[in-house]
Amino acid sequence: MVDIESLFPRLCGSLYQVTSPPSSIYNCIAWAAGDMNRWWWPDFLKQRHWPAGVPREETCAAFQEAFATLGFVVCSKEVAEPGFEKIAIFADAAGPQHASRQLQNGRWTSKLGELEDMEHELHDLEGAEYGKVSVVMRRPL
Amino acid sequence: MSQVLTVHLSTELYDCIMERAASANRSIEAEALDMLTATAASTSGKESTQQRFRQLANSWHKAVAHLSSSSKRESHPAYQAIIAMGPPVVPYLLSDLNAHGRHWFTALTAITGDNPVPEKDAGVIPRMIDAWLHWGRAKGHQW
């Protein structure tokens with residue numbers, strides 16, 4: 001059993017909620033992209049899904065390009081805006097590590113690797129495991 | 001130190017040992033002892049491979065389950081140690097894939113040099129599992 005709060009200390013005392021059982025079928029990038037049927041990652045062996053034509057690189061530019069294939073563009077605000085859906089990419093020194101998707105209520109939803117989905121405040125997952133929010137993107141609903 | 005062991009053999013096994021002993025011009029006792037020793041060594045090796053795999057697999061899963069990054073997940077020392085175990089670990093990878101769906105795809109490719117997953121199914125985990133289990137059966141692996 002993985003202790004989520006020990007991995008993400010900012011969740012301690014925060015109003016987060018686990019919203020699904022664990023699944024190794026899809027990951028955070030897929031979940032942010034609205035795809036529950038595939039595991040997304042730009043691995044060089046091409047064993048995971050990655051949008052066609054987007055470089056298989058673990059860089060913020062490649063991840064932004066992947067979400068751009070779904071109509072997302074970079075924006076400056078992380079607060080909810082009526083008529084838009086937003087995603088956030090987390091990165092550390094090694095590159096992108098995680099992505100979250102904003103819910104209609106302004107909170108965020110994440111899939112934690114092959115663990116559960118959860119609803120949380122955006123910055124509660126920042127830290128040693130996922131790094132920090134590096135970019136927010138939005139698309140019209 | 002030696003021990004005395006009385007063994008009751010089936011007729012088929014007795015005949016097999018007799019035949020091997022005769023063809024090697026050895027005593028039936030020497031042939032039976034060699035077979036017993038080889039079987040014990042083989043069984044012991046299987047158990048230790050299985051135990052080591054289970055320990056490493058559980059350690060790996062606990063460390064990386066919350067991660068999406070394939071490079072971080074697969075560069076973990078436990079994952080690399082499993083790859084280093086080589087072909088003997090393949091049946092255990094397939095068994096774990098079948099039972100738990102954990103992502104051993106890169107390890108299987110690294111060890112076997114094969115990748116039976118069609119490009120269109122990359123990332124579709126149930127189909128990737130099916131492709132590897134089908135590959136395993138075709139190669140004669142049992143799990």
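Two residues are in contact here if their C-beta atoms, placed from the backbone, lie within 7 Å. The model is predicted, so local features need pLDDT of at least 70 and side-chain atom pairs count only at pLDDT 80 or more, while totals for chains, interfaces and linings use all residues. Residues are numbered from 1 along each chain as its sequence is written, and chains are lettered from A in the order in which they are written.

Let's start in chain B with helix H6, residues 105-112 (helices are DSSP runs of H or I with at least four residues, strands runs of E with at least two, numbered from the N terminus). Its buried residues are Phe105(B), Ala107(B) and Leu108(B), buried meaning that 20 or more other C-beta atoms lie within 10 Å of a residue's own. They cover an arc of only 165 degrees around the axis, which puts them on the same side of H6(B); the arc is that of the directions from the helix axis to the C-beta atoms. Their packing partners are helices H4 (77-84), H5 (90-100) and H7 (125-138) of chain B. Just after H6(B) comes Gly113(B), with a positive phi of about 80 degrees.

Two of those partners also meet one another. In H5(B), Leu94(B), Leu97(B) and Asn98(B) touch Ile129(B), Trp132(B), Leu133(B) and Gly136(B) of H7(B).

Now for the two chains together: 26 residues of chain A are in contact with 21 residues of chain B. On the side of chain A that touches chain B, helix H2 (28-33) and strand E4 (95-102) each supply at least two residues.

Methods
Buried ≥ 20, exposed ≤ 12 C-beta atoms within 10 Å, placed from the backbone.
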